[in-house]
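Thanks for coming, everyone. Let me put the sequence and the model on the screen, and then we will walk through it.

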Amino acid sequence: MTEAELGYIAGILDGEGSIYISRRIPKDGHHRTVIHRAFVIIVNTNLELLSWITAKVGQGSISQHNGAPTGHKKPCYKYVICGPAAARLLSDLLPMLIVKRKRAEIAIRLHLEGTWVPVVMRVKEKPAIEELVRRNALWEESRHVDCMGH
């Protein structure tokens, strides 16, 4: 992507998007695996814009956001990219982000540092426990950023 395209996408993300880290603990038989994942979401009524972003980024998906339009409401669409792909995108956009910069930094640290082996809570191995602690700390940090309105 060109610098201009990166800047345009960064501006759209700053104004229309969100960056968040989810933490899920699905129950899977006798194991409880903790899954942390960063998401980048942009919601907009212009499908052409979101299709352009998807083409430029080369990853992500678009879905209808609010169901079928009713009355005077336009259809609304949602672009989503998650995991390491989201972190790579955020790394490219980081120099141009203003509003979402801190959230982007946390998401990048979540996915581009450490290991990406699923962390099973029952595993007592030191590397797995250290990685779980690292991920949980980033998740907590992202929640604090959200509460502070940054």
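Cys-76 counts as buried, at 12% relative accessibility. Cys-82 is partly exposed, with a relative accessible area of 29%. The cut-offs: buried is under 20% relative accessible area, exposed is over 50%, and partly exposed is in between, with a 1.4 Å probe and protein chains only.

A word on the source. This is a predicted model, where local features need pLDDT of at least 70, side-chain atom pairs count only at pLDDT 80 or more, and totals for chains, interfaces and linings use all residues. Residues are numbered from 1 along each chain as its sequence is written, and side-chain values use heavy atoms, with hydrogens and water left out.

Now the overall layout. The protein chain has five helices and six strands. Those are DSSP runs, numbered from the N terminus: helices are H or I with at least four residues, strands are E with at least two. The order from the N terminus is α-β-β-β-α-β-β-α-α-β-α. Of the 150 residues in the chain, 38% count as buried.

Next, helix 2, residues 47-57. Which of its residues are buried? Leu-49, Leu-50, Ile-53, Thr-54 and Val-57. Seen down the axis of helix 2, these fall within an arc of 135 degrees, so they line one face of the helix. That arc is taken from the directions that run from the helix axis to the C-beta atoms.

Thr-54 is buried at 18% relative accessible area. Its side chain reaches the backbone oxygen of Leu-50 at 2.9 Å. That is a polar contact: a pair of N or O atoms within 3.5 Å, where within protein one must be able to donate a hydrogen and the other to accept it, and residues adjacent in sequence count only if both atoms are side-chain atoms.

What about the ends of helix 2? Asn-46 caps the N-terminal end, with a side-chain oxygen 2.9 Å from the backbone nitrogen of Glu-48. Just after the helix, Gly-58 takes a positive phi of about 85 degrees.

Now helix pairs. The axes of helix 1, residues 3-16, and helix 2 come within 11 Å and cross at roughly 130 degrees. Axes are lines fitted to C-alpha atoms, for helices over the stretch in contact, and angles run from 0 to 180 degrees between N-to-C directions. Helix 1 and helix 2 are therefore oblique to each other. Under 35 degrees is roughly parallel, over 145 roughly antiparallel, 65 to 115 roughly perpendicular, and the rest oblique.

Then helix 3, residues 84-93, and helix 4, residues 101-112: their axes come within 8 Å and cross at roughly 130 degrees. These two are oblique as well.

Last, two alanines. Ala-38 sits in strand 3, residues 31-44, and is buried at 0%. Its C-alpha is 6.8 Å from that of Ala-86, 48 residues apart along the chain. Ala-104 is in helix 4, and is buried at 0%. Ala-104 and Leu-89 are 15 residues apart in sequence and 9.5 Å apart, C-alpha to C-alpha.
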